[in-house]
Amino acid sequence: MENYSLKTKDDVEIAINYYNGERDSVVIVAPGWCMTKDSNAFSKIADFFAKSYDVISFDFRGHGKSGGFYTFTAKEIMDMDCVVRFARKNNYKKIYLAGFSLGAAMALIYSSKSRFIDKVIAVSAPTDFSKIENKMWKKEAWGETFKKFEFDRFASIRPYPIPLKKIKPIDVVDKISVPTLFIAGEKDPTVCPWHTKDLYNKVRCFKQYKEFPNGCHAEDLFLHFPSEFSNLCMNWLSD
C-alpha cells in the first residue's frame, strides 16, 4: 500500500491509501462521517476489495490525515473528484465507487454528474442530510459506536462550524446512468432503510437493492455479515 496526498480544486489536501496491484480496474472506497481510511473497519474493507481490484481509500476533508473541515456533503464532491482524477491518471479501464453512509451520498451525487464512473455501491445512503434519523440513544447505535471506538480517529474529526447548502441525493439520483447497487440494514438507527428504498425507486439506471435483515449501519453490515456482503459486492462488480 502506498500513501499519497492530493489537492482539491479549492486547495484542500486529501490523503489516500493506494493499493496498487497493477490491475485494470479500481474501487474507490469512500467512508462516512467520523470514519477514516485507516480505521479498523475501513482497513478491512479496503483489504477485501484489494483481493480482486486495485483500491483507493481516502479521508474526506476534516477527517484523518486530510486537511480542511468537513461540510457534510456540501463541498466533499471536490474530494471525490480529485481521487477520481488520480485514478484516471493511472489509466484504469473501469472506476468503481463504494460509498458508506455520507460517503455513499457523495458517491451518488458524484455519479450523477460524472461520466467517468462505471459502477456504484451505495451502502446506507441518505436521501437528504436533513432527514437522517441518527438515533444515537438506541443501543444499536451507541453499542456499535463503542465497539469501533478509536481515539485517534475521533480526535481527527473537524466539522465545519457553519451549515452550508447541500445537494440532496434524492434530487439527483435519477441522473445516474451507471449500474448502482443499493445496500441497507433493516435495523439501521442512523439512516433508516426507507432512505435506500426511496433512492432505489427513483433511479432509472440498472439497479439492485439488498436489505440485510437485522443489519445495522454502513460499515457494520460488512463487519457483521462479511461473507454475504463480500459476495454481494463481488458479484455486482464482476457482472
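**Close-up views of a predicted model**

**View 1. Phe182 stands opposite Tyr209 in E8.** The model shown here is predicted, so that local features need pLDDT of at least 70 and side-chain atom pairs count only at pLDDT 80 or more, while totals for chains, interfaces and linings use all residues. Residues are numbered from 1 along each chain as its sequence is written, and side-chain values use heavy atoms, with hydrogens and water left out. Strand E7 (residues 180–185) pairs with E8 in the parallel sense over six bridges; two strands pair if DSSP finds at least two bridges between them. Strands (E, at least two residues) and helices (H or I, at least four) are DSSP runs, numbered from the N terminus.

**View 2. Eight strands form an open sheet with mixed pairing.** The order of the strands is E1-E2-E4-E3-E5-E6-E7-E8. Strand E1 (2–7) and strand E8 (207–212) stand at the edges, and because each has a single partner strand, one side of each is left without a neighbour in the sheet. On average, neighbouring strands of this sheet are turned by 20 degrees against each other, direction ignored. Helix H9 (residues 226–238) lies across E3, E5, E6, E7 and E8, and runs at about 180 degrees to E8. Axes are lines fitted to C-alpha atoms, for helices over the stretch in contact (heavy atoms within 4.5 Å), and angles run from 0 to 180 degrees between N-to-C directions.

**View 3. The largest nonpolar core has 42 residues.** A nonpolar core is a set of buried Ala, Val, Leu, Ile, Met, Phe, Trp, Tyr and Cys residues joined through side-chain atoms within 4.5 Å, where buried means under 20% relative accessible area, exposed over 50% and partly exposed in between (1.4 Å probe, protein chains only). Among the residues with the most contacts inside this core are Ile16, Ile28 and Phe58. The largest share of the core, seven residues, comes from H3. Leaving aside its neighbours within four places in sequence, Ile28 is in contact with residues including Ile56, Phe58, Val83 and Leu97. Apart from this core lies another, of 29 residues, among them Tyr19, Ala218, Leu221 and Phe222.

**View 4. The structure holds zero disulfides.** A disulfide is a pair of cysteine sulfur atoms within 2.5 Å. Cys192 is in no disulfide, and the nearest cysteine sulfur, that of Cys216, is 11 Å away. Cys192 is buried, with a relative accessible area of 13%, and Cys216 is buried as well, with a relative accessible area of 8%.
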